[in-house]
Amino acid sequence: MAASSSLSSAARCTLLLTAAMVLVLSYSAHAHGVSGAGLSSSFYDNSCPSTRDVVRRVIQDARVADARIPASLIRLHFHDCFVNGCDGSLLLDDDVFSGIRTEKKVPGNNRSARGFNVVDDIKRALEKSCPGIVSCADILALAAEISVELAGGPSWSVPLGRRDGTKTNIQSANDLPSPFDSLEVLQQKFRNMGLDNTDLVALQGAHTFGRAQCQFTQRNCTGGQARGTLVNLDVVTPDVFDNKYYDILLWGRAQLPSDQVMMSGPIAAATTAPIVRKFSGSQKDFFKNFAASMIKMGNISPLTGRDGEIRKNCRRVNKKLY
């Protein structure tokens with residue numbers, strides 16, 4: 001009996017400790033605005049089993065005409081999640097009747113965020129297959145993963161079940177990470193989202209494909225180009241998702257100042273530079289960490305359950321029936 005009683009006490013202590021840890025983790029997640037509650041990679045298995053195939057087909061068609069589309073789509077997901085969480089708010093157009101001011105016109109998005117027409121095409125195709133089922137926020141998350149995979153990068157199971165927001169946040173959108181941010185500022189912006197230095201270096205690795213306007217680069221259109229002239233972010237393999245981007249950082253030749261600071265910033269040696277070297281030396285490590293960081297970013301404050309809505313048109317909130 002004594003042994004039984006002792007075991008029972010130990011079990012009770014274990015249960016209490018486990019409960020305490022759950023509460024601490026729950027508090028930490030909410031403190032950082034991060035929650036994956038209600039998300040599952042099998043969310044549409046019964047309601048819309050063709051979801052991923054439809055998204056993939058539209059992106060494949062789009063990239064034939066525009067090689068930049070994969071990089072553009074992943075950027076939309078990033079800029080959506082960093083404002084209001086991953087709720088599709090970036091996709092909303094100005095709408096005076098609904099009181100919506102679009103996030104598309106803030107400096108971090110104006111004349112640079114693109115791919116909205118592809119999102120529209122995906123939404124239309126999904127509405128034909130499964131009307132009113134798949135959210136615009138989930139379209140962005142799936143499109144990001146598929147874009148990376150089609151460009152030669154890793155694939156991962158995307159947690160799904162997000163619902164769409166019904167408002168924008170211009171103040172937060174004005175504070176998106178900038179090509180001219182110092183390393184300290186970038187680290188703080190990522191910490192505000194519950195993301196650490198490994199997430200920062202891994203997610204910046206999405207610059208391994210795509211283009212940027214020369215006005216945002218370190219050389220700042222020095223060849224006499226127009227300010228909107230596009231330059232490859234990765235001069236080695238500009239349309240392939242690989243780890244060559246990190247080699248470019250080691251060479252000191254990153255196009256964006258906010259990329260190079262991960263090697264040259266005052267605190268880089270003790271924080272981000274070792275991670276850059278690690279990813280440069282192992283594409284496998286980069287791919288593994290990139291996928292994990294994308295899932296983590298995709299879990300920033302999603303709307304689930306009865307919160308938000310499933311928009312019929314990604315550019316407009318649904319009309320209310322009174």
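Me: What makes Ala151, Thr208 and Phe209 count as residues that Val240 touches?

Reply: In this predicted model, Val240 touches Ala151, Thr208 and Phe209, with residues up to four places away in sequence not counted. Contact means heavy atoms within 4.5 Å.

Me: Where does Val240 lie, and why is Val240 called partly exposed?

Reply: Val240 lies in the loop between strand 2 (230-232) and helix 9 (244-250). Its relative accessible area is 36%. Buried means under 20% and exposed means over 50%, so Val240, at 36%, is partly exposed.

Me: How far apart are Val240 and Val148 in sequence and in space?

Reply: Val240 and Val148 are 92 residues apart in sequence, and their C-alpha atoms are 8.8 Å apart.

Me: How many aromatic pairs does a search of the whole structure find, and what makes Phe78 and Phe190 a tilted one?

Reply: The search finds 16 aromatic pairs. For Phe78 and Phe190, the distance is 6.1 Å centre to centre and the angle between the planes is 50°. A pair needs centres within 6.5 Å, and planes count as stacked under 30 degrees, as edge-to-face over 60 and otherwise as tilted. The pair of Phe78 and Phe190 is therefore tilted, at 50°.

Me: Why is this pair said to tie together parts that are apart in sequence?

Reply: Phe78 is in helix 3 and Phe190 is in helix 7 (residues 183-192), so the pair ties together parts that are 112 residues apart in sequence.

Me: Why is the pair of Phe82 and Phe190 called edge-to-face?

Reply: The ring centres of Phe82 and Phe190 are 5.1 Å apart and the planes are at 65°. Planes over 60 degrees apart count as edge-to-face, so this pair gets that name. Phe82 is in the loop between helix 3 and helix 4 (116-129), while Phe190 is in helix 7, so this pair ties together parts 108 residues apart in sequence.

Me: How do you know whether Phe82 and Phe190 are buried or exposed?

Reply: Phe82 has 6% relative accessibility, and Phe190 has a relative accessible area of 0%. The limit for buried is under 20%, so Phe82 counts as buried and so does Phe190.

Me: What makes Lys104 a charge over the ring of Phe116?

Reply: Lys104 lies over the face of Phe116, at 4.2 Å from the ring centre. The distance limit is within 6 Å, and the charge must also be within 35 degrees of the ring normal.

Me: How much space lies in the largest pocket, and which residues are closest to its centre?

Reply: About 820 Å³ of space lies in the largest pocket. The pocket is lined by 36 residues, and Arg75, His79, Gly108, His207 and Leu256 are the closest to its centre. Helix 3 gives the largest share of this lining, six residues. By class, the lining has 20 nonpolar, 11 polar and five charged residues.

Me: What makes a cavity something other than a pocket?

Reply: In a cavity a 1.4 Å probe fits but cannot get out, whereas a pocket is open. The structure holds two cavities of 30 Å³ or more. About 50 Å³ of space lies in the largest cavity, and helix 12 (residues 283-298) gives the most to its lining, with three residues. The second largest cavity has about 30 Å³ of space, and His207, Tyr245 and Leu256 are among the residues that line it.

Note on methods: Residues are numbered from 1 along each chain as its sequence is written. This is a predicted model: local features need pLDDT of at least 70, side-chain atom pairs count only at pLDDT 80 or more; totals for chains, interfaces and linings use all residues. Side-chain values use heavy atoms; hydrogens and water are left out. On a 1 Å grid over the protein atoms alone, a cavity is a set of points where a 1.4 Å probe fits but cannot get out, and a pocket is an open set with protein on both sides within 12 Å along at least five of seven lines; lining residues have an atom within 4 Å of a point. Grid points are joined across faces, edges and corners, and a volume is the space filled by probe spheres set on the points. Helices (H or I, at least four residues) and strands (E, at least two) are DSSP runs, numbered from the N terminus. Ala, Val, Leu, Ile, Met, Phe, Trp, Tyr, Cys and Pro count as nonpolar, Asp, Glu, Lys and Arg as charged, and the others, Gly among them, as polar. Rings of Phe, Tyr and Trp (its six-membered ring) pair if their centres lie within 6.5 Å; planes under 30 degrees apart count as stacked, over 60 as edge-to-face and the rest as tilted. Buried means under 20% relative accessible area, exposed over 50%, partly exposed in between (1.4 Å probe, protein chains only).
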